[in-house]
Every structure is written in structure tokens, then in C-alpha cells.
Amino acid sequence: MKYFTITFFALITIYSCSDSSCKENIGVNINKHLLPDTTWTGKVTKTNAEWKKILTSAQYNITREQGTERAYSSELNENKDTGIYYCVSCKNPLFSSATKFESGTGWPSFYAPYSGKSLRVSTDNTEGMSRDEISCQRCSAHLGHVFSDGPPPTGLRYCMDGVAMVFQKEDPKAALTKATFAAGCFWCEEAIFESVKGVREAISGYAGGTTENPTYEEVGSGQTGHAETVEVYYDSSKISYPELLKVYFTSQDPTQVNGQGPDHGTAYRSIVFYRNDTEKQLTEQYIRDLDKSGKYSKPIAVQVMPFTKFWPAEDYHQNYVELNPGDRYVQLESIPRLKRAKKELGMLTPGP
Ligand SMILES: [Zn+2]
């Protein structure tokens, strides 16, 4: 890893950081929304004898003796699978495959760490140069170095020893972004969102109330506060949140209060569940624009609520329209609603 020498102070300049805590936060918040939550279990400390018992000699040499593996020697260098790279010593999540890039150096390279609790940066003055050494924040294992010749958006290159990491494949959904909407019958909304380009999957479920583990019957009774809801997994490089809002508002009558079409009651009310201020502002702006447009004679009745928890519905509700094309409700309501949405949305849905 004898590449460009930079000092940590150069990084401080780049990120306009003024306190030492920034050291541990380089590149954090990049693609944060793509990454699943991580659990921090506190520091892991062991004696060298204890590390030797659980590590191979190559792993021990890299992580505890600041060794460097031969370039192109790790199979993780070429790994393109979706998943998480963990510290081989303590299983702290270090990097997501979402930030891996081909650096041409022969060492697995990333442009941002998994979280603010993944890495520690310190100055390494060995081998006649000053480099920024990367170690595991939880167990202090040596992992590699960081350089300032990486790609956007951070401009950093975390040059890692593959031996110091273990890779675990993750559900590809973990690399997608989630958005959550209620607009009446979830069978219908699930089928509509799943026909949109850039949406990988939609899950039928319940949200907006307080009852834990609600059942379909409980939600239908109106006693739980929940509404039939869909959780949408989408690729944000293919479809944007405002485009999802367009799908959402176009696929229903957003002026109907506490119901949608033939379904009445709070379980069928319309809600946009926002996950951050940007989603909230985009939604509120969309509603203002729709009210102003004159498209509807009545005011928009869609609620805008912070997302708290989504409860997936019973298995038999998933992919209901696709699996039950002969169902009377599906024929009379879901399929016509899907066709209307596709026609109005045009370019957002794939061709025939
Ligand atoms: Zn570790």
C-alpha cells in the first residue's frame, strides 16, 4: 500500500473539520440511507495469545503486527457481490459493497466506511513515510491505509487488506432504499408499485397505528390505528422519491377522506410516511402543488406522518393480485386501478 502519502491534516482541510472527533467520521453519511443499521457492542480487547488462538497466522500478522498482504492475493479484491465486509477479528461491520470500487491496486478498495463506528484513523510513520493507518474502532485490528486519491463522493480510497476482513452476502434488498405509503387496499398499491421501473419489490403490511403485530382482522376493525400500507424497495439511481410520489398520488383519489374507492374506514386512509426532512418537504410541496393545480375540486386529504414502524401483513396478502387474478375484488377493483395508473403514468412504467 505504498501509494500517495497524505497526512490526516489534509483530510481535516478537505472536510473542514476542526475537532478530533471528525477523524472517526470521515466519509460517514455517504449513502447512509442505503445501509442497514448496525449494533455497537463496545470495545473488544484480548491479549496477543488470545488473538493467536482465534486467528490464522496470516490474519494475526496483518491485524496485530501491521503486516500487508501481497497485492492481488485476496479473493475479496475481485468480489462484486452485495453484502457487508466485517472485521475478521471482532465482526464489526467495516464497509458495504455499495462503496466498493475497482482501484486497480490489487487491494480491496472502498470510498467510505460502513458507519462512524467502523474505523479509526491514525498516523503511521513506518517505512520512511507518513500514512494514515486504518484500524478497527472496536478491536484495534490493523486493516490498511486511507489515501486521498479515491473517487467521488468522498475522494478517499480506503485500501484494505482482504485477510483482515470477512465478507457476508446480504439480502440485495439491504442495498435498496425504502419508502412507505398507504392508499387504501394494499393489494392494489403493491401491484401498482411493483409495475414501476426502479422498484424492486413492494411489501403489503400495516403502519400508522400503535398495536404491535396487528392482524388483518384487527386492522380492518379500525381499532389499531393502522392503515393498510405498502413498503416499497427501490433503486434510487433508477427512480427518485418525487417520481414515487407521482406514482402514489396518481394511483388513487387523494381527496377521499378515510377510505379509497369502495373501501371505507381509517384502515383505508391515505398516508405518506416520511423518513427524513427531505421526504417530508417534498411531500408537502407535492400536496401544495396538487391543491393549486385545480385538478381536484376538493382538498387533498392525504396525511403526512413520520415513519415509525412497518408490520408486514400475513403471507397470503403478498403478491395477492398476481396470485389471485380470479378474485372478484381483484377483477372489479385492483386490476382496473392498476390499468388506470399505468395509463396515467405512461413513461414511469415498463412497456407491454
Ligand atoms: Zn475489529
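Here are some friendly notes on this predicted model, point by point.

1. **Ground rules.** Residue numbers start from 1 along each chain as its sequence is written. Because this is a predicted model, local features need pLDDT of at least 70 and side-chain atom pairs count only at pLDDT 80 or more, while totals for chains, interfaces and linings use all residues.

2. **Confidence.** Where pLDDT is low, the predicted coordinates should not be read in detail.

3. **Overall make-up.** The protein chain has nine helices and 17 strands. These are DSSP runs numbered from the N terminus: helices are H or I with at least four residues, strands are E with at least two. Of the 352 residues, 37% count as buried. Buried means that 20 or more other C-beta atoms lie within 10 Å of the residue's own, exposed means 12 or fewer, and partly exposed is in between, with C-beta atoms placed from the backbone. Among contacts with a separation of 6 or more, 70% are between residues 24 or more positions apart.

4. **The largest core.** The largest nonpolar core has 42 residues, and Phe 181, Trp 187, Phe 193, Val 232, Leu 244 and Tyr 248 have the most contacts inside it. Such a core is a set of buried Ala, Val, Leu, Ile, Met, Phe, Trp, Tyr and Cys residues joined through C-beta atoms within 7 Å. Elements giving two or more residues to this core include β10 (177–183), β12 (227–234) and α9 (328–345). Its largest share, six residues, comes from α4. Leaving aside residues up to four places away in sequence, Phe 193 touches Val 199, Ala 202, Val 230, Val 232 and Val 247. Another core, of 27 residues, lies apart from this one, and Trp 107, Ala 141, Cys 159 and Met 160 are among its members.

5. **Strand β11.** Seven of the nine residues of β11 are buried, so the strand is mostly covered. β11 pairs with β12 in the antiparallel sense over eight bridges, where pairing requires that DSSP finds at least two bridges between two strands. Ala 207 stands opposite Ala 227 in β12. β11 also pairs in the antiparallel sense with β17 (residues 311–312), over two bridges, and here Gly 205 stands opposite Pro 312.

6. **The six-stranded sheet.** An open sheet is formed by six strands in the order β3-β4-β8-β7-β6-β5, with antiparallel pairing. Its edge strands, β3 (100–101) and β5 (119–124), each pair on one side only. Six bridges join β5 to β6 (residues 131–136), and Asp 124 has Arg 131 in β6 as its bridge partner.

7. **Backbone spots to look at.** Most residues other than glycine have a negative phi, and most peptide bonds are trans. Pro 152 and Pro 153 are joined by a cis peptide bond, with omega about 5°; Pro 153 is in the loop between β7 (142–147) and β8 (157–160). Tyr 72 has a positive phi, near 65°, and lies in the loop between α3 (57–65) and β1 (83–87). Tyr 72 counts as exposed because it has 12 C-beta neighbours inside 10 Å. Ser 140, in the loop between β6 and β7, also has a positive phi, of about 65°. With 19 C-beta neighbours inside 10 Å, Ser 140 counts as partly exposed.

Conventions. Two residues are in contact if their C-beta atoms, placed from the backbone, lie within 7 Å.
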